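Let's walk through this protein model together, from the whole chain down to single residues. Keep the viewer open as you read.

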Amino acid sequence: MLTHVLRNDDKILVLLRQLKYIIGNINALFIMRGLYILNKYRGKKSGEFENNQYIGAFADISFEIISESEYGEEKLLFETRIHYYEKGTGDALILLHGLGQSLYTWRHNIDYFAANGFRVIALDLAGFGYSGHPNIYYTIEENILILRAFMKTMKINRAHIAGVSTGAQTALFFAANHPKYTNKLILITPGAPNENYPFLLKLLTTWFGAAFLRLALRETTFKKVLNEFYFNATLLTADTVNQYYAPYKNKSTRETLIRYMNNYDDSIIAPLLKNISNNTLIFSGADDRRHSEKEICMYAQKLRSARHYRLRNCAQNVQEEKPDIFNTKSLEFLKTDDDTAGFWTRG
């Protein structure tokens, strides 16, 4: 009887040792993960910006979409998380990235505006970067619902808004629908996907292209697409490509890009331009192969108070390729109280 008890105790001791070993391994994994993250940031160059789920914060938002069904009007409630990076105090300046990008595109601009008296909030738009992926179509109408919900959560009553590409169009559409919440606008190459977009992006509007992207998207392929939007290809360092590519390891982000390419329609914007009275500064690159000078000038001419600054040796992403000029000209524009409308172009 005593021998049997001792044997049971031995079994318990063995189990306790095994449990201690398992717990020890789990703790070791957490410690290793922490050291990895710490060493990763220690290895970063001073002032080098990185976007990931550990940077910035998340805002929980909810918004309603009204749809028509056979039973009449139906309200659908959506909830999601918006990843953002905030810095500085003062008047709010919201930064909106373009199609397929993330808040990383503003890495050369955030500190500058924060240091010059603005509360800068750069966000990953829903479905992109490290924000949530609500089950929506990702239209421009839905974009402004999300932006308004985000501003409510962040207690932003009124803001300057800067946007690039489709982000610039979102800024315009928001200003047209919510003028009392919108201050000045800074638009960088406003425009939507068109016939000049890279073949691989246009392919997403086909069944084959969408299926291919859902299955896989290699970093080398992603770099080729990115290269189409830059004049100076040397800016696309391995780190820059990785920063843009990393969110697309998530299949939900790839799905967002597919829906964007298939559902985004900017035809509703042009008729609204003449009604937008916000002071607006427009930037474009003379070497942009996606959006023509005629297209960009259309915005400047139809808006009631707009100025246009066109830069040589630069493509779509002026804020990345010519950050010093973009920053100084934008700050001058934001700080001045001059309401004089005028259309002008400089090379």
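The paragraphs below begin with the overall fold and end with one threonine.

First, some ground rules. This is a predicted model, in which local features need pLDDT of at least 70 and side-chain atom pairs count only at pLDDT 80 or more, while totals for chains, interfaces and linings use all residues. Residues are numbered from 1 along each chain as its sequence is written, and side-chain values use heavy atoms, leaving out hydrogens and water.

The protein chain holds 12 helices and eight strands; these are DSSP runs numbered from the N terminus, with H or I over at least four residues for helices and E over at least two for strands. Of its 347 residues, 48% are buried, meaning under 20% relative accessible area with a 1.4 Å probe, protein chains only. The chain exposes about 17900 Å², and carbon and sulfur atoms supply 54% of that area (Shrake-Rupley method, 1.4 Å probe). Take the contacts (heavy atoms within 4.5 Å) between residues at least 6 apart in sequence: 77% of them join residues at least 24 apart.

Now look inside. The largest nonpolar core has 97 residues, and Trp 106, Phe 150 and Leu 172 touch the most other members. Such a core is a set of buried Ala, Val, Leu, Ile, Met, Phe, Trp, Tyr and Cys residues joined through side-chain atoms within 4.5 Å. Helix α3 gives the most to this core, with seven residues. Beyond its neighbours within four places in sequence, Phe 150 is in contact with Ala 59, Ile 61, Ile 82, Tyr 84, Ile 121 and Leu 123.

How do α3 and α4 cross? The axes of α3 (residues 140-153) and α4 (residues 166-177) come within 9 Å and cross at roughly 70 degrees; axes are lines fitted to C-alpha atoms over the stretch in contact, with angles from 0 to 180 degrees between N-to-C directions. The two helices are therefore roughly perpendicular, a label that covers 65 to 115 degrees. Among the residues that meet there are Ile 144 and Leu 147 in α3 and Phe 173 and Phe 174 in α4.

Further along, helix α8 (residues 238-245) buries Thr 240, Val 241, Gln 243, Tyr 244 and Tyr 245. These buried residues pack against α7 (219-227) and α11 (318-321).

Finally, find Thr 256 in helix α9 (residues 251-263). Thr 256 counts as buried because its relative accessibility is 1%. Leaving out residues up to four places away in sequence, Thr 256 touches Ala 126, Gly 127, Phe 128, His 133 and Tyr 138.

How values were computed:
Buried means under 20% relative accessible area, exposed over 50%, partly exposed in between (1.4 Å probe, protein chains only). Angles under 35 degrees count as roughly parallel, over 145 as roughly antiparallel, 65 to 115 as roughly perpendicular and the rest as oblique.
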